[in-house]
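Colleague: Could you walk me through this one? I would like to start with the core and then move on to a helix and the surface.

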Amino acid sequence: MTTASNQGTSRIEARLAELGLALPPVAAPVAAYVPAVISGNHVYTSGQLPFIDGKLTATGKVGAEISAEDAKSMAATSAINAIAALKSVIGDLDRVTRIVKVVGFVASDPSFTGQPGVINGASELLGEVFGEAGVHARSAVGVSVLPLDSPVEVELVAEFQ
């Protein structure tokens with residue numbers, strides 16, 4: 001029997017393609033860290049910004065310069081970047097057995113309280129890509145500023161075999 005993995009494309013990468021998504025190259029660290037590390041059977045990604053082609057498409061605070069809807073889309077982009085970081089250390093995304101935890105940070109205007117809705121962009125994408133294995137625990141945190149004035153940042157912990 002031939003599987004997608006045997007043909008060079010994992011089931012998860014095929015699912016990404018069905019969704020019209022492709023994994024970008026792993027974002028280069030902007031400081032002294034690596035994009036992801038393995039400890040036991042878990043991968044911990046560093047916080048991923050919503051880079052597209054190596055650039056932030058917008059900067060600023062959610063609820064001021066950035067709408068909650070745009071920030072939700074940026075959280076999904078950050079999650080795609082986190083998946084790329086995950087793949088960079090385990091090779092085959094079909095090895096992922098569960099997305100354990102997602103932590104999302106939202107650079108927020110002081111009056112903005114919709115952080116959970118913004119980080120739903122990441123959570124919903126992970127569910128679409130990984131199915132039941134993408135259901136996870138999560139924190140959505142409002143902060144005053146993020147690196148490079150990014151509106152959002154997402155990190156994840158994944159279990160793999």
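Modeller: Happy to, and bear in mind that this is a predicted model. The largest nonpolar core has 36 residues, and α1, α2, β5, α3 and β7 each give two or more residues to this core.

Colleague: Which residues touch the most other members of that core?

Modeller: The core is a set of buried nonpolar residues joined through side-chain atoms within 4.5 Å. Among its 36 residues, those that touch the most other members are Leu86, Val118, Leu126 and Phe130.

Colleague: Which element gives the largest share of this core?

Modeller: Several elements contribute two or more residues, among them α1 (11-18) and α3 (115-130). The largest share is eleven residues, and the element they come from is α2.

Colleague: How far apart are the end C-alpha atoms of α2?

Modeller: Helix α2 has 23 residues, and at 1.5 Å a residue it should span 33 Å. The model agrees with that, because the distance between the end C-alpha atoms is 33 Å.

Colleague: Is threonine 77 buried or exposed?

Modeller: Threonine 77 is found in helix α2, and it is in contact with Pro50, Phe51 and Ile52, leaving aside neighbours within four places in sequence. Buried means under 20% relative accessible area. Threonine 77 has 16% relative accessibility, so it counts as buried.

Colleague: And on the surface, which residues form a nonpolar patch with Val30?

Modeller: Valine 30 is found in the loop between α1 and β1 (36-39), and it is partly exposed, with a relative accessible area of 45%. The patch has about 270 Å² of accessible area together. The residues that form it with Val30 are Tyr33 and Leu148.

Methods:
Residues numbered from 1 in each chain as written. Predicted model: local features only at pLDDT ≥ 70, side-chain atom pairs only at ≥ 80, totals over all residues. Heavy atoms only, no water. Buried < 20%, exposed > 50% of the residue type's maximum accessible area, 1.4 Å probe, protein only. Helix = DSSP H or I, 4+ residues; strand = E, 2+ residues; numbered from the N terminus. Expected span 1.5 Å × (residues − 1). Patch = residues over 30% accessible without salt bridge, like charges linked within 9 Å, V, L, I, M, F, W, Y side chains within 5 Å. Areas by Shrake-Rupley, 256 points an atom, 1.4 Å probe, with all protein chains shown as cover. Salt bridge = Lys/Arg side-chain N within 4 Å of Asp/Glu carboxyl O. Contact = heavy atoms within 4.5 Å.
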